[in-house]
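Here are a few notes to read alongside the model. Keep the 3D view open and look up each spot as you go.

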Amino acid sequence: MPLYLLPLLPLVGFALLMCFPKAFPGKTGGYLASLMVLLSFVVAVTRSLGLDGTPDHESLWPWLPNMALGANLNIGFYFDQLSALMTLIITGIGFLIHVYSLSYMSHDAKFTRFFAFLNLFVSMMLILVLADSYPLMFVGWEGVGVASFLLIGFWHSGRHSEASDRDVLEASTREGRANSDAARKAFIMNRIGDLGFMLGMFLLYKLYGTLSIPELAGQAQGTRVAQSAIELACLFLLVGAVGKSGQLPLTTWLPDAMAGPTPVSALIHAATMVTAGVYLITRSHFLYELAPAASNWVAWVGGLTALYGALSALNQSDIKKILAYSTVSQLGYMFMAVGLGAYSAGVFHLLTHAFFKALLFLCAGAVIHALHEEQDVRAMGGMRKFMPFTHIAALMGVLAISGIPIWSGFFSKDAILAAAWAQNPWLYVIGLGVALLTAFYMGRWYFLVWRGEYRGAVPHPHEADGLMKLPLGVLALLATLGGLLNIPTFLPSLGLPAHAFDDYLGRAIPQHAHHIPVSTEWLLTALAVLAGLLGLGWAWMDHRRRALADGPLGQVSTSALYLDNLYNGLFAAPSRAAAQGLDAVDRGVDAGLSGVARNAGAPGSLFARMQSGYVRAYAVSMVLGTALIIGYWALTMIGRGGS
């Protein structure tokens, strides 16, 4: 099967649903969109199974001419182990989210349009990870930006814009305005990152004369360029990655992206858009290996973002925002890993994170659905009694992200911490502290939603239906057992090959061995597990005493370390003031010009009133005019005679 089928199938689904929506009544459009993503998943599996040690490279047609070299940059797709893994994640988890959405969005008036946007999102993300050149990757990069704008702002008029009740309608209008603001915020902040990506491409073209990724990988090793230039190019690419993956300082858009429907949150925050920055740096490994200073920047940006996201998640009250700040933090782990050269550890955490974070978001969506759109965890509690299946699935996700053996997050997070210990002990300390905080805020999330007494207003919350349970069950299984894909050698392998994932990805991405004594590895593992257990225990004690919400740390966490306030003070408020000033000037100019126009038109208005359309009026006017002329003439003659 040709590689172009991977993005083409969901793109066809998007085109059909947007151009012929009436041809797909009811849930038909949702089933079509799901089928297209499932077919792409089949293509991804087929091509992955047929992949050997040599990457598949398919060029389709010439695209951008290179006059200097007498050649063209082609539209082409590049398929190696990294691309294969990303396509499997995007289409596999994307399909599960499509299936979940069939039930979750079933009563939405724009059901068909929603699935069209989902298909567009998946298609653009597949172009991004399959592209054989940076310009084509940028096409997918911008495509997911547009699709995310459409999905985050999907309820731009509110969920109840057709309500007859005035209070409900006003609340829906306010909600719609907030959703639109969140979509614009994501779009604008990503444009800042996109500028960095473009500058990186321009500089790479100047240095190497090509933007084809395979050609750049070959030339980077043999072409001597200024060290400062390659460092700068990698820093520009980092700016692009920071914008797309919500890292510091361009992180504040990502929590606000929760304005979209919950399946959108799962798709954006788990398997697709926000992992694009990690993919960009991993795909550009041949450049970053020549730029140690830029790689160090990547690692520190990741470490500090991981800490920022974890601190911000501690005391949030929105069931989805807790998970959103968690995503910020977990992406920081991935950046820290790839910045340290531990590409396999970073990508493995990308994989396990896709499992447990998609699971957690979909569980949150099931709770919101059951409680009639309630999202405040303080108005929940005791949900395990009403939703036993979703409760078990959510518990699997919490244990996975907390790094508890044998769940998947334990294996991937442990690999990142080991790489940090070997190369930068300060980053290791940050990573271990983040592990403790992660277990705490996810334990708090679990206890507030699922344990204790029910505090909600809905009398009898209902369990998720079959269409929602199926993705939850599959993801819970993957979140539990996915870590076994990469068992370390110092742990009992249970008959499974050690470092299987590392060996697989190592065919496409270089592996840098970190020589750590076995005894030290055991100690590091014990410390990571202890951090997870202490965090969960802390969450249980805090739940009983509710201490964090009343303390200064709780207030700082609720405000997400005041980063949004800082940006509002530095950029938003001055921009609004400048806009209001310009608006006042514009209104003044308009008023002045309007006054001139009115004065100039006044005589014309007077004469226009004389045009009544009556012949008698015109005859009287002619007589009066003639009399005035004769009178003027007579007076003039008398005046001359008198002189």
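1. Let us start with a single residue. Tyr 562 is partly exposed, with a relative accessible area of 40%. The word has cut-offs: buried means under 20% relative accessible area, exposed over 50%, and partly exposed in between, using a 1.4 Å probe and protein chains only. Tyr 562 is not a glycine, yet its phi is positive, at about 60°.

2. A word on what you are looking at. This is a predicted model, in which local features need pLDDT of at least 70 and side-chain atom pairs count only at pLDDT 80 or more, while totals for chains, interfaces and linings use all residues. Residues are numbered from 1 along each chain as its sequence is written, and side-chain values use heavy atoms, with hydrogens and water left out.

3. Where does Tyr 562 lie? You will find Tyr 562 in the loop between α22 and α23. Helices here are DSSP runs (H or I, at least four residues), numbered from the N terminus. Leu 561 is in the loop between α22 (552-558) and α23 (563-610) as well. Leu 561 has a positive phi near 60° and is not a glycine, and its relative accessible area of 32% makes it partly exposed. For background, most residues other than glycine have a negative phi, and most peptide bonds are trans.

4. Now to the peptide bonds. Leu 248 and Pro 249 are joined by a cis bond with omega of about 5°, and Pro 249 sits in the loop between α8 (227-245) and α9 (253-256). Another cis bond runs from Pro 405 to Ile 406, where omega is near 10°. Ile 406 belongs to the loop between α16 and α17 (408-423).

5. Is helix α11 enclosed or open? Eight of the eight residues of α11 (residues 276-283) are buried, so the helix is largely enclosed by the rest of the structure. Among these buried residues are Tyr 279 and Arg 283.

6. Finally, look at a helix pair. Helix α15 (residues 343-370) packs against helix α16 (residues 388-401) at an angle of about 145°, with their axes 9 Å apart. Axes are lines fitted to C-alpha atoms over the stretch in contact, and angles run from 0 to 180 degrees between N-to-C directions. In contact (heavy atoms within 4.5 Å) are residues including Phe 356 and Leu 360 in α15, and Ala 393 and Val 398 in α16.

Conventions:
Helices (H or I, at least four residues) and strands (E, at least two) are DSSP runs, numbered from the N terminus.
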